Amino acid sequence: MNDKETLMDDIVNLCKRRGFIFPSSEIYGGYNGFFDYGPLGVELKNNIKKAWWQDMVHRRDDIVGLDSTIIHHPMTWKASGHVDNFTDPLVDCRESKMRYRADQLFFAPVVVAGEKIGYVSVLEDGDMQEKAEEAARDLKRRLAKQGELAPIVLKDYTEAKPDEYALIPSPATGKPGSLTPPRAFNMMFQTYVGALRDETAIAYLRPETAQGIFINYKNIIDTGRVKIPFGIAQIGKAFRNEINPRNFIFRSREFEQMEIEYFISPKADWKKIHQEWIEYCMNWFDGIGIPKSRLSLYQHPKEKLAHYSKGTTDIMFEYPFGVQELQGIAARGNFDLTQHQTVSGKSMEYFDDREPNKDDRKYIPHVIEPSFGVDRIVLAVLTAAYAEEEVEGEKRVVLRLHPRLAPYKAAVFPLVKNKPELVERAENLYRRLKRRWNVFYDAAGAIGRRYRRQDEIGTPFGITVDFDTLEKDGKVTLRDRDSLQQIRITEDELVAYLSEKIDG
Ligand code: ATP
């Protein structure tokens, strides 16, 4: 099994080599924080979105869909607080011109025999503690200090005191004196709408899909048959001018979200509904191939919550670079709708005819917001699915993707390519299956090699048409990617089998 760092490299290389994900604008040297999904990547991503829509919208009675614009009226972002508060703390290194997010830059004083001999700094990482301790030992050696090194206690740069800024070394140069104090940096991308280029024409690319839901809430209430509790779901692009995009598609500047605003009565037990959503989402991940054993929960501490937030729990995944947020599930009270009501002057009240107490029938609903990042799911799915193993004395790379998500559901192979009846039979089967699923046809090379090529891109089933198919029983060989078991099966049985495995 590969260690964590090489696992990340292996995944990135596989994505490039087999056409899942490319750095955007690669012929111009790439563009930091932007990625393109190639022929296999777009299938995987679409399958994730399809599975989500099916499970969250179609298979539930209480959620409806929406597709709003990427650019909203700019007042939307004033009301939501994004214009004033959607910021990350930015630190500059004056010497190297590097920029960091202050809450991802960690530092600690180095104390030897009770004396502070300097500071170390590290960037947030799964093994930053070890790296900081190593740097502290190094500093102690360089300054030839004797005595016991006190434990290294890391804090993030937002917690640094003003007199510490000049003492903390820049991660770029290793020397103190060049880091600026943190300052708020707004992450929304700006553009201009219309022919004028002045303040009045400024608009924003949405940094989240959620506000599109809030500003359509009234339309949906007025036109749909929805009754509280109900949800509105939306999938779409979001844009954030991240200071430090990193870890491949985990943190990029253009990404995709799948968000639900689940509207509830202010009298409802929000804690219970919040908890139900957490469990529902964990199970959903487990069901698409991100095992629960690699997920954990992180509850945001009360003092770090936005003032309107009642509670936020993140579902964390064990990525190769550390345990990080895969999804957030926030209880946002009625902050957003109240803000839009105040700023737009339009009532966001709901009339609840099922509420027994007459005086409580009119209210602005509260929300629970499960917010999924599609690209982070793609990366989690790939991380959980990637394996290297030995089969019949040969190394194979295999992506154990859930059949629902696999770009190709099956591959059809004629055993040999120089026997026309056999090739014809295989092509006919391929065309029959292709009417329902995305399947692949491959007649080139040794059969073992053809299997390996499909294993590497996660195709769950290999179907071989051979001489026995023509001459004996009309059956084909079905090979399972994971168990490597092969069974003989008729074409009709095959269609039924695939249907059960793929469509569930
Ligand atoms: P982080 O703390 O990692 O910056 P966040 O808490 O700001 O994330 P939210 O605003 O809660 O993220 O966004 C909801 C979801 O959108 C996240 O759980 C994540 O899956 C996804 N997401 C957020 N920012 C990015 C990004 N820059 N690149 C890819 N996905 C992202």
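Me: In which strand is the place of Ser371?
Reply: This is a predicted model, in which local features need pLDDT of at least 70, side-chain atom pairs count only at pLDDT 80 or more, and totals for chains, interfaces and linings use all residues. Residues are numbered from 1 along each chain as its sequence is written, and side-chain values use heavy atoms, with hydrogens and water left out. Strands (E, at least two residues) are DSSP runs numbered from the N terminus. Ser371 has its place in strand E19.

Me: Does Ser371 count as buried or exposed?
Reply: Buried means under 20% relative accessible area, exposed over 50%, and partly exposed in between (1.4 Å probe, protein chains only). Because its relative accessibility is 16%, Ser371 counts as buried.

Me: With the side chain of which residue does the side chain of Ser371 make a polar contact?
Reply: Ser371 touches Gln257, Met258, Glu259, Gln327 and Gly328, where residues up to four places away in sequence are not counted and contact means heavy atoms within 4.5 Å. A polar contact is a pair of N or O atoms within 3.5 Å; within protein, one must be able to donate a hydrogen and the other to accept it, and residues adjacent in sequence count only if both atoms are side-chain atoms. At 2.6 Å, the side-chain partner of Ser371 in such a contact is Glu259.

Me: Which residues come nearest to the ligand?
Reply: A residue is near a molecule if one of its heavy atoms lies within 4 Å of it. There are 15 residues around the ligand, and those that come nearest are Glu242, Arg251, Ser252, Glu325 and Ser371.

Me: How much of the ligand's area does the protein bury?
Reply: A nitrogen atom of the ligand lies 2.8 Å from a polar side-chain atom of Glu242, and an oxygen atom of the ligand lies 2.9 Å from a backbone N or O atom of Leu326. Accessible areas come from the Shrake-Rupley method with a 1.4 Å probe. Of the 590 Å² that the ligand exposes when taken alone, the protein buries 82%.

Me: Which element gives the most to the shell around the ligand?
Reply: Strands E13 (254-264), E16 (322-333) and E19 (366-373) are the elements that give two or more residues to this shell. With four residues, the element that gives the most is E16.

Me: Is Tyr31 buried or exposed?
Reply: Tyr31 is found in the loop between strand E1 (21-23) and strand E2 (35-37). Since its relative accessible area is 54%, Tyr31 is exposed.
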